[in-house]
Amino acid sequence: VLKTELEIFYRYGNYNTLHSLPETLQLIPPEAEYLIQEVDESRHLSITEFSSVLSPEFALVTNISDSHIQHIGSEDALIEEVRGISAGMNADGLVVINADDPGSTRTAFHPNTIRVGIRSEDADCRATGIETSDKGTSFDLHYEGRTVRVRLRIPGEHNVYNAMMAYVVGPRKGV
């Protein structure tokens with residue numbers, strides 16, 4: 001969404017570790033206005049360190065899964081690790097979380113947190129009327145008193161969450 005109107009830089013592939021961060025920072029072209037960076041939670045305090053270095057304006061937490069729990073030790077420690085994403089944010093930062101993800105809803109991320117959801121009726125941004133076909137996914141997006149019909153050219157419920165997160169962040173940057 002941001003690249004439709006802004007100069008952004010991002011890397012394809014698995015460049016989401018602290019080890020690869022210096023190389024990523026060196027590759028940012030001068031015209032880039034924003035860096036889109038996936039972060040890795042497989043090592044204790046790695047997300048907090050990412051956040052401290054990058055000072056993110058936005059953080060999107062799609063889910064907190066136990067795929068790296070063996071490196072962190074416990075579900076509670078993993079949730080606390082991901083919570084570190086807002087450590088380097090200023091007071092105007094924004095965290096967008098999945099209101100249907102049990103791990104994401106078990107912690108407070110930042111005073112400015114918006115919850116997107118399909119099943120969670122108290123989410124700030126909701127999707128209803130989801131229809132999926134081989135041509136994509138359509139749904140009604142409800143946010144800030146508005147309802148918009150969204151049509152994605154890709155199938156999958158996970159893409160509904162991604163689209164809602166993009167809808168929340170895009171207008172904050174004029175997109």
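**Aromatic pairs and the core**

Author: Tyr-143 is buried, at 8% relative accessibility. Buried means under 20% relative accessible area, exposed means over 50%, and partly exposed lies in between (1.4 Å probe, protein chains only). The model is predicted: local features need pLDDT of at least 70, side-chain atom pairs count only at pLDDT 80 or more, and totals for chains, interfaces and linings use all residues. Residues are numbered from 1 along each chain as its sequence is written, and side-chain values use heavy atoms, with hydrogens and water left out.

Now the rings. Rings of Phe, Tyr and Trp (its six-membered ring) pair if their centres lie within 6.5 Å; planes under 30 degrees apart are stacked, over 60 edge-to-face, and the rest tilted. The count is 2 aromatic pairs. One joins Tyr-10 and Tyr-12: the ring centres are 5.3 Å apart and the planes stand at 80 degrees, so this pair is edge-to-face. Tyr-10 is partly exposed at 28%. Tyr-12 is exposed at 64%. The other joins Tyr-143 and Tyr-167, with centres 6.3 Å apart and planes at 80 degrees, so it is edge-to-face. Tyr-143 sits in strand 7 and Tyr-167 in helix 5, so the pair ties together parts 24 residues apart in sequence. Helices (H or I, at least four residues) and strands (E, at least two) are DSSP runs, numbered from the N terminus. Tyr-167 is partly exposed, at 23%.

Next, the core. A nonpolar core is a set of buried Ala, Val, Leu, Ile, Met, Phe, Trp, Tyr and Cys residues joined through side-chain atoms within 4.5 Å. The largest has 19 residues; Val-96, Val-116, Cys-125, Phe-139, Leu-141, Met-164 and Val-168 have the most contacts inside it. At least two residues each come from strand 4 (94–98), strand 5 (113–117), strand 6 (125–133), strand 7 (136–143), strand 8 (146–152) and helix 5 (157–169). Helix 5 supplies the largest share, 7 residues. Apart from this core lies another, of 16 residues, among them Leu-21, Val-39, Phe-50 and Phe-109.

Setting aside residues up to four places away in sequence, Val-116 touches several residues, including Val-96, Cys-125, Tyr-161, Met-164 and Val-168. Contact here means heavy atoms within 4.5 Å.
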